[in-house]
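Student: Could you help me learn to read a structure that is new to me?
Tutor: Gladly; here it is.
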Amino acid sequence: MVDAGKLSDLLKQAEEYEENGDYQKAKLIYLDAAELALKFSKQSVKNKVKFETIAAQFIEKAKNTDLLINLSKIDSIPEKSNNNKADTKSTTGKAKSPNDGLIFASSKSSSIDFSKFPFNKTKIEPTIPFGLHTELGNHVDWNPNEEMNGFMMMVGGSGSGKTDGLKSLITELVERGYPCLVLDLHGDIEVPITSINFDFTGEYSINPLKITSLDKGEGGAIPKINQMLDSFQDSIESKFSANMITELRKTLIDLYKKMGIVQKVPDTWSRNPPNFENLNQYLNLLKDTTEARTTYLALLARLTPLLEHPAFTGKNILDIPDIFEYPLRINLKPLTSLSLQAVAADTIMRQVFAYAKSLGFVKEGENKFRLYIVIDEVKILMGFRGKVNDPSHIINILATEARKFGIGLILASQSGTHFGEDVKSNMASKMILKPMNNKEAKLNSKELHINERLLTDLTLPGEGYLITSSDSEPRRVRMHAHSTRPYKADKI
Ligand SMILES: Nc1ncnc2c1ncn2[C@@H]1O[C@H](COP(=O)(O)OP(=O)(O)OP(=O)(O)O)[C@@H](O)[C@H]1O
Ligand SMILES: [Mg+2]
């Protein structure tokens, strides 16, 4: 006999199990209910279609619980929101802001072996021997303490000496007690510091879906989702249609919800975030169960290489507080594609900056610099859309906001056009090396306000014009080559 009441009883029962996290039982009941609805559809000619539809809905619910079962399995590798390192640190004297270190808690954090490169954390005056003045012959130092900020930009053609110059600066800063985070996109910044690879082994990974701001005004899941959508669109060559963005946005909101994270309840923001593996599973599920199949197929075609990569799904999550304690080079070259490199570097920088913010402003009397971030080949991070002036690009955010949180920034690229206006105007120090050709000389001369002839006259690798906030005139300097640095910090 057809008894629709039985179906609503089963629905209630299954939902109760689901609420209590017993997804397996809920799934079985949904399947029973689907079977029953199909039986009713055969028994009732009048309501055949109605019961068939109900059966399909129950099957969809059963599939959804499958996802929840999968999610809960991943969930069981806890990323606890209490008993975390950042919190411990706050009790040992480091400043704490409302957007606190909770988000950096992670019991499955990486344990990088830093012991091979002993690091003396006592910071001394960062008077970096930079090079020789080519016209006057005297030594030229770079001291970020004497400049408006600790930002340095190097621009020059291929072979002009950017990478070599960066290597010198990193080595000198580390010897003076300053941790440096080197995001090495070409894999050629070989310096005597601990180095890890981001690659297919998934030995180290990072979660781009981790919420980085718990600030009630601007944080939570929705800003994270918006930023992630931007990041996908910038770093993936094929364009996304409006439909694809709408569906992806809905999917992400739902995914956070399934992990118990809702925008309206800030207390939920520090819960275990979903990861790319979950997103991949969910998109695949939706591809099979919704009418927007073609949209999901198109999304998966674009996103799968990112979502499946062990650099984003590995279990050994990079421990951000460690980066503020020890110099670290992260070799991103093995990621091979621009999309993977851009998303990885973007995620690392956002999490590093969020952690710096959680430590609060650098106070009067404290050392101005907690960490230097060093990036060669910045162009790669500008992505396929080349949005150099986008204020939400992480490089532009760092250039405008990072100084007060103790971050120094050393960036290099082949052309001045690879940097946004905010970056160029905020860099207290610039080293303009030999341009690639006359066109580049013209561009760099205009972009960086330096006479074009001076640039075309440069011949030697490592030679260029140093412009700093503490000096009114550009100085023609040849940087010390990394291999022949003149003196070590311990000899000063
Ligand atoms: N200050 C220097 N003194 C002497 N030789 C240098 C100096 N700087 C760089 N060189 C040499 O010049 C060559 C090119 O330098 P480097 O690789 O740093 O250039 P680059 O600007 O990074 O080029 P690319 O854009 O192709 O990566 C290297 O062989 C390096 O040893
Ligand atoms: Mg180079």
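The dialogue below goes through a helix, some strands and a ligand shell.

Tutor: This is a predicted model, in which local features need pLDDT of at least 70, side-chain atom pairs count only at pLDDT 80 or more, and totals for chains, interfaces and linings use all residues. Residues are numbered from 1 along each chain as its sequence is written, while chains are lettered from A and ligands numbered from 1 in the order in which they are written.

Student: How many residues of helix 5 are buried?
Tutor: A residue is buried if 20 or more other C-beta atoms lie within 10 Å of its own, exposed if 12 or fewer, and partly exposed in between, with C-beta atoms placed from the backbone. Twelve of the 14 residues in helix 5 are buried, including Leu166 and Ile170.

Student: In which sense do strand 10 and strand 11 pair?
Tutor: Two strands pair if DSSP finds at least two bridges between them. Strand 10 and strand 11 are antiparallel, with four bridges, and a hairpin of six residues joins them.

Student: Which helix gives the most to the shell around ligand 1?
Tutor: Helix 5 does, with three residues.

Terms used: Helices (H or I, at least four residues) and strands (E, at least two) are DSSP runs, numbered from the N terminus.
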